[in-house]
Amino acid sequence: MKTIKKLICLLLACALFSCAAAEASPLAQALAGTSWGAYAPKIEAEAGGVCAGVAMDAAMTRYLFVIAEKGADGSWTAAACYERLIPETARLSRMSVEVQSEKQIRLVLCQAGDGADGQYVSFERGEQGWRVEWLSGEHWVTAYEDMLTLYDVRNKQERSASVPRDAIDLSPENGSFEDAMREAGRLLEEAAQEKRETARALLLKAFPYEEALTQGDVVACDVRYDGETPLAAGAVLEGPNWRAVYFTDESGGAPVNAICDNLVPLGAENVVLEIPQCEDEKTGWEGVSFDWGTVRYFAALAYDESGALTVTGVHWEASDDVTQWGSLTMHPNWMGLSGGIAYGELCIETPELLRSMRTFDLTVARSAAENAVRSHEAGEAPFIPAAEGEYGIPQPCGAALKKGKWDVYTGPGKQYYREADGKASVSTNDWIQVFGREGDWALIQYRVDGKKLRFGYVQKAALADFERLPELRFEAAAVTGYTDNVTSDPLGACEGIYIPDGYEMTRLALLGGGVWMYVELTLPNGRLARMFATVEPSHG
């Protein structure tokens with residue numbers, strides 16, 4: 001009888017042990033029988049045949065990060081155990097583990113907003129097993145193929161470098177988040193210092209008599225190489241009461257050099273410089289950007305047809321007001337403003353200060369744009385750049401209309417559509433621009449009200465010296481419209497008339513600025529009209 005009782009107890013004990021083993025988590029099963037068997041899982045996540053998590057020793061003082069894999073027999077084994085990865089100062093309550101797939105895992109050590117930058121570690125399974133793919137904190141450490149690339153997060157990637165991937169030991173035996181961040185910072189600073197020295201040396205070769213290159217501190221710089229040979233460099237240098245930007249590029253044979261004295265103001269922060277490339281190598285916008293107060297500025301730089309370095313665009317946006325932004329497209333004698341205004345592109349005559357790289361100033365460019373907007377909204381006549389090519393809307397000729405009120409049609413004849421429900425007219429109590437004559441009609445532009453302007457035609461009786469007006473020269477090229485409207489007001493509120501996609505039109509000329517083409521078409525209402533549509537290549 002006693003033997004039977006012992007046998008029953010033994011069977012019960014085995015059953016309980018089997019249940020306990022069956023209930024053990026995948027991480028606990030993986031750690032059982034290893035040198036970390038005393039560690040207790042605290043956080044774990046599972047997806048498919050992969051489990052990852054955080055375990056702690058019995059004294060609750062040491063962390064272990066474990067990646068476990070499920071075998072064909074259903075058992076779990078530890079594939080990688082990182083004893084030094086998680087700092088002792090880390091808090092378990094702020095950690096989380098994400099198994100994003102059977103090949104990707106993410107460990108969150110500290111969420112952003114916990115009084116520090118977010119701290120993350122990502123793992124990827126490759127042919128050689130699990131490896132640390134990237135870490136982030138004050139710097140991002142990104143492993144890609146045989147390179148380890150470092151980005152400075154606090155300074156918005158102003159300093160970056162690539163170093164051999166094995167420069168930081170991220171193996172399970174030695175991988176440490178704190179050591180990786182510390183080593184990343186050191187390597188980043190070494191690479192940045194080497195870049196500064198290389199840039200300064202290349203610029204001194206191009207500008208041997210510029211004292212600023214030897215006396216100024218390098219705020220930001222960039223170097224472009226051909227293999228291991230530096231061919232182009234740029235640097236923002238700062239002295240006691242000045243900042244200047246220097247560029248040199250030897251890639252085309254004869255060096256192209258430029259100096260910009262006012263491109264980056266004193267006091268501007270987070271300065272980033274990327275030297276421009278030749279157009280056939282260009283992959284995006286290069287130039288200079290910086291924070292000035294609550295506004296982020298960016299100047300795009302490129303080489304023109306003669307090989308000279310020029311500012312091709314300016315963009316600014318306020319960090320505290322998303323509606324306060326603008327973009328300028330720079331041309332030799334004018335600039336086009338878009339964004340931050342309630343109408344289409346506004347053309348602005350370029351101030352003399354902005355026509356030279358040596359004196360170009362982003363804040364002056366923005367100020368000129370804002371002044372032009374205020375003048376336009378106050379009712380002043382718009383500036384119209386000279387049109388490029390043989391056929392273009394000419395500059396206003398200076399002629400004036402006789403006093404009175406005159407009917408306005410969209411084309412040179414009463415057979416053309418007349419806007420404002422057939423009542424469009426102009427009076428001589430405001431500005432009127434006259435461009436030239438066609439037959440017995442003159443092309444004009446005038447202000448209807450506020451921001452609303454209008455191009456149209458008046459009969460020759462409206463002008464005392466009609467015969468002295470220059471004759472308009474137009475082409476007749478068939479085009480197919482892809483825009484959804486045409487307008488008689490391309491320089492103001494841009495209110496238009498809807499037309500279907502693929503609508504057939506005849507191009508007559510281009511409006512200075514290159515955004516609009518002057519076209520003749522039959523409107524959907526069946527009326528003939530001349531209006532403006534977005535520029536597109538001719539199909540005829």
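1. How many bridges join strand 3 to strand 4? Six bridges join strand 3, residues 63-70, to strand 4, and the two strands run antiparallel; strands here are DSSP runs of E with at least two residues, helices are runs of H or I with at least four residues, and both are numbered from the N terminus. Two strands are taken to pair if DSSP finds at least two bridges between them. Ala68 has Ala78 in strand 4 as its bridge partner.

2. A word on the basis of this note: the model is predicted, local features need pLDDT of at least 70, side-chain atom pairs count only at pLDDT 80 or more, and totals for chains, interfaces and linings use all residues. Residues are numbered from 1 along each chain as its sequence is written, while side-chain values use heavy atoms, with hydrogens and water left out.

3. Strand 26, residues 441-449, pairs with strand 27 in the antiparallel sense over eight bridges, and Asp449 stands opposite Lys452 in strand 27.

4. Strands 6, 7 and 8 can be followed through their pairings. Strand 6 (residues 104-110) is joined to strand 7 (residues 119-126) by six bridges in an antiparallel arrangement, with Gln104 having Glu124 in strand 7 as its bridge partner. Strand 7 also pairs with strand 8 (residues 129-136), in the antiparallel sense and over seven bridges; a hairpin of two residues joins strand 7 to strand 8, and the bridge partner of Ser122 in strand 8 is Trp134.

5. The largest nonpolar core has 39 residues, and those with the most contacts inside it are Phe247, Leu263, Val264, Val288, Leu328 and Phe360. Such a core is a set of buried Ala, Val, Leu, Ile, Met, Phe, Trp, Tyr and Cys residues joined through side-chain atoms within 4.5 Å. Helix 5, residues 362-377, gives the most to this core, with six residues, and a second, separate core of 38 residues includes Val50, Leu85, Ala90 and Leu107.

6. Pro230 lies in strand 13, residues 229-238. Pro230 is partly exposed because its relative accessible area is 24%, given that buried means under 20%, exposed over 50% and partly exposed in between, with a 1.4 Å probe and protein chains only. Leaving aside neighbours within four places in sequence, Pro230 is in contact (heavy atoms within 4.5 Å) with Thr198, Leu202, Val223, Arg224 and Tyr225. The C-alpha atoms of Pro230 and Leu202 are separated by 7.8 Å, although these residues are 28 residues apart along the chain.
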